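Dear colleague,

My notes on it follow, and I would ask you to read them with the model open.

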Amino acid sequence: MTPDIDSPALLLDASTPSIHAGILSGGTWLALEHAQGDALSVVPDLLAAALKSAGLKVAQLRCLIHCEGPGALLGLRVAAMCIETWRSVPGMQAVPLLAYRSLPAMAAILRLRGTGGDFHIATPFRRGSYNVCEAVSAANAVLDEAELAALPRPLYFIPQRRFKDLPAGARLLEYDLAELPRALAASPWLLRVAANAEAFSPQPSEYQLWHGQRHRAPERTMRNHVPPEPLSP
């Protein structure tokens, strides 16, 4: 069953360097703000700007919509933290939370623009690997550079802050949510009810063991030590 979007709804998407915050009502934007920068500072500012532009307060929101990724994990986690903080405010616990994924949403937007047939959308995951969405199935896969190069074109590419190089034969795609309300209306399956705001990662995070030791330069013996020459008076 397709979830309903109660109005007004706040939408937050920090999956790319172009972070978006907007207020949806009746299938249109009451406000839509976007900016690039550090998610820790940009996300709160965009949320405040979107509410101010729509003339609303947090307590008036009736729905929260969260982009869970794939994309920039730091931005997604900051956005999820903000959403979960708001859901802990008295009076907001019963507000429904909906989630969508970035690449299928952009595929639906490209359909609205007239892009037909099958195509793929890719965005960097880790160095040498990419999240890739097939437009027809909307399935997400992680491919390496050779597998990405072997995909049939057209291939659209959404860069991330640290990974901006355009793959050979790919088309640069600006991550712009201006047409998202129309895409959600045409493809309501993009949304699902979520229990919590979480960042989607197709593979577990990798961590290195911390040894708790300082990194020291190789020690020099006094025999190898050459004292500096005295300064001239």
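**Helix 3 and what follows**

Helix 3, which spans residues 102-112, is mostly covered, with nine of its 11 residues buried. Please bear in mind throughout that this is a predicted model. The buried residues of the helix are Ser 102, Leu 103, Pro 104, Ala 105, Met 106, Ala 107, Ala 108, Ile 109 and Leu 110. After helix 3 comes Gly 114, which has a positive phi, near 105°.

**The sheet**

I turn next to the strands. Strands of a sheet pair through backbone hydrogen bonds, and they may do so in a parallel or an antiparallel manner. Here, six strands make up an open sheet in the order 3-2-1-4-5-11, and their pairing is mixed. At its edges are strand 3 (28-36) and strand 11 (192-193), each of which pairs on one side only.

Within this sheet, strand 1 (residues 9-13) and strand 2 (residues 18-25) run antiparallel and are joined by five bridges. If you wish to find this pairing in the model, look for Leu 10, which stands opposite Ile 23 in strand 2.

**Aromatic pairs**

A pair of aromatic rings is described by two values, the distance of the centres and the angle of the planes. The structure holds two such pairs.

One of them is formed by Phe 119 and Tyr 156, in an edge-to-face arrangement with 5.6 Å centre to centre and 80° between the planes. This pair links distant parts of the chain: Phe 119 belongs to the loop between helix 3 and strand 6 (120-126), while Tyr 156 belongs to strand 9 (residues 155-157), 37 residues apart. Why does Phe 119 count as buried? Its relative accessibility is 1%, and buried means under 20%. Tyr 156 has 9% relative accessibility and therefore counts as buried.

The other pair consists of Tyr 130 and Phe 157, and it is edge-to-face as well, with 6.3 Å centre to centre and 65° between the planes. Distant parts of the chain are linked here too, since Tyr 130 lies in strand 7 (residues 129-134) and Phe 157 in strand 9, 27 residues apart. Both Tyr 130 and Phe 157 are buried.

**A charge over a ring**

One further contact involves an aromatic ring. Arg 101 lies over the face of Phe 200, at 3.8 Å from the ring centre.

With kind regards

How values were computed. Residues are numbered from 1 along each chain as its sequence is written. This is a predicted model: local features need pLDDT of at least 70, side-chain atom pairs count only at pLDDT 80 or more; totals for chains, interfaces and linings use all residues. Side-chain values use heavy atoms; hydrogens and water are left out. Two strands pair if DSSP finds at least two bridges between them. Helices (H or I, at least four residues) and strands (E, at least two) are DSSP runs, numbered from the N terminus. Buried means under 20% relative accessible area, exposed over 50%, partly exposed in between (1.4 Å probe, protein chains only). Rings of Phe, Tyr and Trp (its six-membered ring) pair if their centres lie within 6.5 Å; planes under 30 degrees apart count as stacked, over 60 as edge-to-face and the rest as tilted. A charge sits over a ring if NZ of Lys or CZ of Arg is within 6 Å of the ring centre and within 35 degrees of the ring normal.
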